[in-house]
Amino acid sequence: MTIINEKAYKILENSIVKNAVSHFYIFHGPKNVGKKKLAYIFSKLLLCDDESNPNTSCDSCPSCKKIDEQKHFDILHVDSKLVVEGLDENKSDQIRLPHVEEISRQANLGPFMSKYKIFIVDEAEKLNNEASNAFLKLLEEPPSSTIFLFLVNDLTSVYPTIISRAQKINVLEIGKEEMKDYILENYDLDDLKIDQIINFSLGKIEVAETLSSDPSLLDNYFESYERFFEFCNSNISTRMELSQKFSTRFRTDRNAIYQELNLWIDFCNILINNSYQNDQNSLFSNNLLDLFEVKQINLFIFEIIKSISNLRSNANSRLVFDVLSLNLPFTKEESAI
Ligand SMILES: [Zn+2]
């Protein structure tokens, strides 16, 4: 089995070997980098029933199997969407006090059948103030045999007092070779597809898994890239026409536009990475690097992030896309017109 995020994994494995398992961990790193996957791998190490090899997981005992099916009684997966008592549905996208009250209630019951009760809190930066304070209280006297695993994309959004109480595990993007081994081992795909997936996933294992399970998604990525290329390679009047289209789309399906803009940032990162690594094999037949310099592509990222942030703060979408049209660098040819 290829172990991904090996450095983080080793730290966790060591804590078990040395009998020094902490009751509170924060796994932090970019979105989709594999924090959730690592949390379940660690849970398996902790809960595996096979005592003959205490520092590994067997993948075949009832406990390991239940974890793979995400049905283990002693693991509670908490996110802002979890329905708990006192919270019929959560419209706020925050993790709120009733969530922490549920964690506390279950933690005090202790594990049903295992050595530990594990709480995996996904996107824990979404704990609101009330929930954060309640969680800090819970940490003051954590019920025994309880392990809290916080998965955090953005550490700066978490209470510093909470951060200071946790053992922090940095989960990083993985390298291209490691990614290739992992895909080869787990999926049956041809070389071209594997290469495309490695490029698009930017070291993020969860993106690679999604694309490997459904390679037809790659078509959407390429279509989005073509729209991006067209937008960048246009003169101002064409950009303004496209701007109108995007803003109309935004009014009917804002998530699609957020997704699109985030993909555009990914494309820029792919292009920049490939240029630094002198990667000649181009993922895209229309290569923006033939038209722009790397520092201009960096500027694209900055402008797109600004647009996303303005859209999120409810700026007029037409205005946002018009500004983006004006601020993105033009090709030499177009700027000469
Ligand atoms: Zn097992």
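**Figure 1. Tetrahedral zinc site in the predicted model.** The arrangement around the zinc ion is tetrahedral, because its four donor atoms subtend angles of 102 to 119 degrees. The structure shown is a predicted model. For comparison, ideal angles at a metal are 109.5 degrees for four tetrahedral donors. The coordinating atoms are the SG atoms of C48, C58, C61 and C64, at 2.3 Å. Along the sequence these donor residues follow the spacing C-x9-C-x2-C-x2-C. C48 belongs to the loop between α2 (35–47) and α3 (62–68), whereas C64 belongs to helix α3, so the pair ties together parts that are 16 residues apart in sequence. C48 is buried, with a relative accessible area of 11%, and C64 is buried as well, with a relative accessible area of 0%.

Figure 2. The protein chain contains 15 helices and five strands. Its C-alpha atoms fill a box of roughly 70 × 45 × 30 Å along the principal axes. Of the 337 residues, 47% count as buried. Among contacts with a separation of 6 or more, 72% are accounted for by residues 24 or more positions apart. The chain is divided into domain 1 (6–170), domain 2 (176–215) and domain 3 (217–336). T238 is located in helix α11 and counts as partly exposed, at 25% relative accessibility.

**Figure 3. Helix α1 at Y9.** Y9 is part of helix α1 (residues 6–17). This tyrosine is buried, with a relative accessible area of 9%. The C-alpha atom of Y9 is separated by 9.0 Å from that of V171, although the two residues are 162 residues apart along the chain.

Figure 4. In soluble globular proteins, nonpolar side chains tend to be buried together. The largest nonpolar core of this model has 50 residues, of which F200, F228, F267, L288 and I304 touch the most other members. Two or more residues each are given to this core by α7 (176–186), α8 (191–201), α9 (205–213), α10, α11, α12, α13 and α14. Helix α12 provides the largest share, 11 residues. Because domain 2 (176–215) and domain 3 (217–336) both give residues to the core, it lies between them. Across this boundary, 13 residues of domain 2 are in contact with 16 residues of domain 3. The centres of the two domains, taken over C-alpha atoms, are separated by 24 Å.

Figure 5. Apart from neighbours within four places in sequence, F228 is in contact with W264, F267, C268, L288, F300 and I304. Among these partners, F267, L288 and I304 are, like F228 itself, listed with the core members that touch the most others. The second residue in this view, N199, is found in helix α8. N199 is buried, with a relative accessible area of 5%. With neighbours within four places in sequence again left aside, N199 is in contact with K176, I270, N274 and L283.

**Figure 6. Helix α13 and its covering elements.** Helix α13 (residues 294–312) has 19 residues and reaches 27 Å from its first C-alpha to its last, close to the 27 Å expected at 1.5 Å a residue. Its buried residues are I297, F300, I301, E303, I304, S307, I308 and L311. An α-helix has 3.6 residues a turn, so residues three or four places apart point the same way. The elements covering the buried residues of α13 include α10 (217–232), α11 (236–252), α12 (254–276) and α14 (317–327).

**Figure 7. Two loop residues with positive phi.** L202 has a phi near 50 degrees, a positive value in a residue other than glycine. L202 lies in the loop between α8 and α9, where it counts as buried at 17% relative accessibility. N314, likewise not a glycine, has a positive phi of about 65 degrees. N314 follows α13, in the loop between α13 and α14. At 61% relative accessibility, N314 counts as exposed.

Note on methods
Residues numbered from 1 in each chain as written. Predicted model: local features only at pLDDT ≥ 70, side-chain atom pairs only at ≥ 80, totals over all residues. Heavy atoms only, no water. Helix = DSSP H or I, 4+ residues; strand = E, 2+ residues; numbered from the N terminus. Expected span 1.5 Å × (residues − 1). Buried < 20%, exposed > 50% of the residue type's maximum accessible area, 1.4 Å probe, protein only. Contact = heavy atoms within 4.5 Å. Donors = N, O, S within 2.8 Å, 3.2 Å for Na, K, Ca; no water. Tetrahedral: all angles 85-135°; square planar, octahedral: opposite > 155°, others 65-115°. Core = buried A, V, L, I, M, F, W, Y, C linked by side-chain atoms within 4.5 Å. Domains from an automatic or database assignment.
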